[in-house]
Amino acid sequence: MYDIIIIGAGPAGISAALYAKRATLSVAVLYSGESQLEKAHKIDNYYGFPDGITGPELYAAGITQAKNLGIEVITTEVTNIQMDSPVQYTVTGSGDVSYSAPVVILATGNKKLRPAVPGIVDFEGKGVSYCAICDGFFYRKKQVAVIGNGTFAVAEASHLAHIADHVTILTDGKDDAEIQAALKEASVPQEKLSVDTRKLSAVTGEAKVSAVTFTEGDSLAVDGVFVALGSAGAADFAKKLGLMLNGDSIAADAKMATNAPGIYSCGNANGGLLQVCKAVYEGGVAGLSAVEYVRSLKKAQA
């Protein structure tokens with residue numbers, strides 16, 4: 001049990017953690033080891049580095065700074081966030097390990113990935129979805145597929161397996177070792193889940209999705225296709241929590257608060273200027289706002 005859980009260890013997440021920890025609250029930062037910052041070859045426009053700094057160096061320095069302050073930085077792939085009550089959230093990570101707090105700060109960036117498969121864009125909203133919790137209900141006792149080759153894909157497939165007749169995880173030609181390991185821990189009947197490692201060539205149908213085809217020429221009949229590439233990002237969590245969105249970005253006010261109590265969002269998750277300086281600023285605001293909120297809860301409970 002923590003006061004604040006922060007998802008994401010980039011500039012926004014670490015900045016939020018530093019401010020929250022210095023306010024003497026218990027803080028955990030959960031991250032999957034993936035960050036857009038790591039892809040930056042060199043950063044020349046950030047204050048304090050006259051000769052520039054590489055993205056990986058800045059990313060690692062931030063995490064080290066958080067650890068040196070005593071912040072728990074946990075490597076795990078977050079697959080779900082659930083509201084247990086208006087003042088309590090459970091965050092589920094790798095291996096179904098759960099973490100609880102009254103406040104969650106989303107600092108994951110926006111990782112919505114779209115596979116380069118013909119038909120995906122054409123059938124969005126017509127059988128192609130990016131949120132199992134949002135749209136799974138519409139596929140009761142039907143055949144569905146999940147495109148992905150990691151823990152996030154298994155989490156989405158496991159949710160769908162309780163609703164659909166059968167779920168096929170499509171790795172699109174990728175190795176399925178991670179999926180097979182995650183499936184062993186999935187709490188659903190194994191006969192309702194299967195894995196197909198063939199390379200996709202298209203998502204097909206007329207008014208809506210009716211099949212996926214493979215490069216070998218054969219096809220698999222499905223009523224819906226769910227995309228779950230990489231790890232879950234801001235938009236994925238926002239949809240599951242019912243947060244308001246501006247396109248694919250989370251709608252947050254000046255205090256970085258969303259429309260859900262105790263949920264804050266900062267950095268690239270909010271869209272706008274996708275720069276380190278903005279992420280650090282919004283992370284600081286989110287951290288301070290979360291501190292104020294936690295203190296108000298503790299005062300009310302005293």
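This note covers a helix pair, a sheet with its packed helix, and one serine.

1. Basis. The model is predicted; local features need pLDDT of at least 70, side-chain atom pairs count only at pLDDT 80 or more, and totals for chains, interfaces and linings use all residues. Residues are numbered from 1 along each chain as its sequence is written, and side-chain values use heavy atoms, with hydrogens and water left out.

2. Helix pair. The axes of α1 (residues 11-22) and α7 (residues 276-301) come within 7 Å and cross at roughly 35 degrees. Axes are lines fitted to C-alpha atoms, for helices over the stretch in contact; angles run from 0 to 180 degrees between N-to-C directions.

3. Helix contact. On α1, P11, A12, S15, A16, Y19 and A20 take part; α7 contributes residues including V276, G283 and V291. Contact means heavy atoms within 4.5 Å. The contact residues comprise 10 nonpolar, four polar and no charged. Gly counts as polar here; Asp, Glu, Lys and Arg count as charged; Ala, Val, Leu, Ile, Met, Phe, Trp, Tyr, Cys and Pro count as nonpolar.

4. Sheet. Five strands form an open, parallel sheet, ordered β8-β15-β9-β10-β11. Pairing requires at least two DSSP bridges between two strands. The edges are β8 (128-129) and β11 (193-196). Five bridges join β9 (residues 143-147) to β10 (residues 166-170). Helix α4 (residues 151-161) packs on the sheet and touches β9, β10, β11 and β15 (224-227). The direction of α4 makes about 165 degrees with that of β10.

5. Serine. S249 lies in β17 (residues 249-250). S249 has a relative accessible area of 15%, so S249 is buried (under 20%; exposed is over 50%, partly exposed in between; 1.4 Å probe, protein chains only).

How values were computed
Helices (H or I, at least four residues) and strands (E, at least two) are DSSP runs, numbered from the N terminus.
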